Amino acid sequence: MEAALYGPGGFYVRPGGPGPAGHFRTSVHASGLYAGAVARLLRRVDAELGHPRELDLVDMGAGRGELVAGVLAALPAEVAARVRPYAVERARRPEGLDPRILWVARPPERTTGLLFANEWLDNVPLEVAEDGHYVLVAGDGTESPGGPLDPEDRAWLERWWPGGELAGRAEIGRARDEAWAAAAATVERGLAVAVDYAHTREARPPYGTLTGFRAGREVPPVPDGSCDVTAHVALDSCAGPGAVLLTQRAALTALGVSGARPPLALASTDPAAYVRALSLAGEAVELTARGGLGDFLWLCQPVGIRAAWPGATG
């Protein structure tokens, strides 16, 4: 998985092409409302921090920088002037990106503000287990049984994946736990948020979730660099002290994203505005839909501020 995604010729690091947006649709690509919501969250964090002179925005797994650029564009000028925006990505910096954005391979060591990881952890490579042994994968995707599990991985399964240590198939999320802990540890004061396809201990998928994506279609997860290789995240095991989990539907609703239809009277007084508002309502519905993007989980972890979800209720 590491080689297929990030090695020479790997899916995420090879030059050229459309980038991740050409292969799968994330909330960032679905609507600019998403970046606007993250901008409002950043402003709430800013208020919790007392409006510091410099406010960090760290976009983990930034893709082509779409989210961080969208957040900057959605901020009031006086707030944007204080923001230090970082795009954390292993691929090369894309041409034409806002010059204010710092393109880095790893997050800065100390930040004050918001660290946001949208669909990053599902691409942190992980081990797959079956019947107490590792699953080995050849370059063409053929699987074969490997050796017995290391004690650390066995212990993770015993705690976080009921039944996965002895029988059946399971995805060992220990690498994701460690990756998230390292990223969140860079935040000195502020909020760390991870958003992803996810599941919790009470509802682990019995056959796992490992799959691939290419050109908008789900495909076998062949680790040859031709497709995204991804697995859902055991996000509850990643959570640190004071963290909360909530659905994207709940998070975006609290941040002002609404799929309510605009008033019909607007169609008579300003038809163009009505059409625009109706289009935005449709985008909001997609972002918050049950059975779709609205079921994503948000892990919100505060560091040195009062709440994991500043300014929100419910």
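1. In this predicted model, strand E6 makes the largest contribution to the lining of the second largest pocket, supplying three residues. That pocket holds about 370 Å³ of space, and the elements that give two or more residues to its lining are strand E5 (127–130), strand E6 (133–137) and strand E8 (169–172). The lining consists of 21 residues, and those nearest the centre of the pocket are Met1, Val128, Val135, Val137 and Leu210. Sorted by class, the lining residues of the second largest pocket are 14 nonpolar, three polar and four charged.

2. The strand E6 also deserves attention for its pairing on two sides. With E5 it runs antiparallel, joined by two bridges, and glutamate 130 stands opposite histidine 133 in E6. With strand E7 (residues 143–148) E6 again runs antiparallel, here through four bridges, and histidine 133 stands opposite proline 148 in E7.

3. With a relative accessible area of 45%, aspartate 131 counts as partly exposed. The hairpin of E6 and E7 has five residues between its strands, and in its turn glycine 141 has a positive phi of about 90 degrees.

4. A further backbone angle to check is that of glutamate 119, where phi is near 50 degrees, again a positive value in a residue other than glycine. Most residues other than glycine have a negative phi. Glutamate 119 is found in the loop between strand E4 (111–118) and E5, and its relative accessible area of 10% makes it buried, whereas aspartate 131 is partly exposed.

5. The largest pocket has a volume of about 570 Å³ and is lined by 31 residues, with Met60, Gly61, Ala62, Glu89 and Trp120 nearest its centre. At least two lining residues come from each of helix H1 (2–6), helix H2 (27–30), strand E1 (55–60), helix H4 (66–74) and helix H7 (174–184), and among the contributing elements H7 gives the most, with three residues. By class, 17 of the lining residues of the largest pocket are nonpolar, six are polar and eight are charged.

6. Helix H4, one of the elements that supply the lining of the largest pocket, contains glutamate 66. With 30% relative accessibility, glutamate 66 is partly exposed. The C-alpha atoms of glutamate 66 and alanine 87 are 9.5 Å apart in space, while the two residues are 21 residues apart in sequence.

7. How many cavities of 30 Å³ or more does a search of the whole structure find? The search finds one, and the volume of the largest cavity is about 40 Å³. The largest cavity is lined by Leu126, Trp156, Trp161, Glu171, Gly173, Arg176, His199, His232, Val233 and Ala234. Its lining has five nonpolar, three polar and two charged residues.

8. The length of helix H3 (residues 32–48) can be checked against expectation: its 17 residues, at 1.5 Å a residue, should span 24 Å, and the end C-alpha atoms lie 25 Å apart, which agrees. The buried residues of H3 are Tyr34, Ala35, Gly36, Ala37, Val38, Ala39, Leu41, Leu42, Val45 and Asp46. Just after H3 comes glycine 50, with a positive phi of about 80 degrees.

9. Three strands form an open sheet in the order E12-E11-E13, with antiparallel pairing. Strand E12 (217–219) and strand E13 (228–230) each have a single partner strand and stand at the edges, so one side of each is left without a neighbour in the sheet. Direction ignored, neighbouring strands of this sheet are turned by 35 degrees against each other on average. Strand E11 (residues 211–214) is joined to E13 by three bridges, and aspartate 228 in E13 is the bridge partner of phenylalanine 213.

How values were computed. Residues are numbered from 1 along each chain as its sequence is written. This is a predicted model: local features need pLDDT of at least 70, side-chain atom pairs count only at pLDDT 80 or more; totals for chains, interfaces and linings use all residues. Side-chain values use heavy atoms; hydrogens and water are left out. On a 1 Å grid over the protein atoms alone, a cavity is a set of points where a 1.4 Å probe fits but cannot get out, and a pocket is an open set with protein on both sides within 12 Å along at least five of seven lines; lining residues have an atom within 4 Å of a point. Grid points are joined across faces, edges and corners, and a volume is the space filled by probe spheres set on the points. Ala, Val, Leu, Ile, Met, Phe, Trp, Tyr, Cys and Pro count as nonpolar, Asp, Glu, Lys and Arg as charged, and the others, Gly among them, as polar. Two strands pair if DSSP finds at least two bridges between them. Axes are lines fitted to C-alpha atoms, for helices over the stretch in contact, and angles run from 0 to 180 degrees between N-to-C directions. The expected span of a helix is 1.5 Å times one less than its number of residues. Buried means under 20% relative accessible area, exposed over 50%, partly exposed in between (1.4 Å probe, protein chains only).
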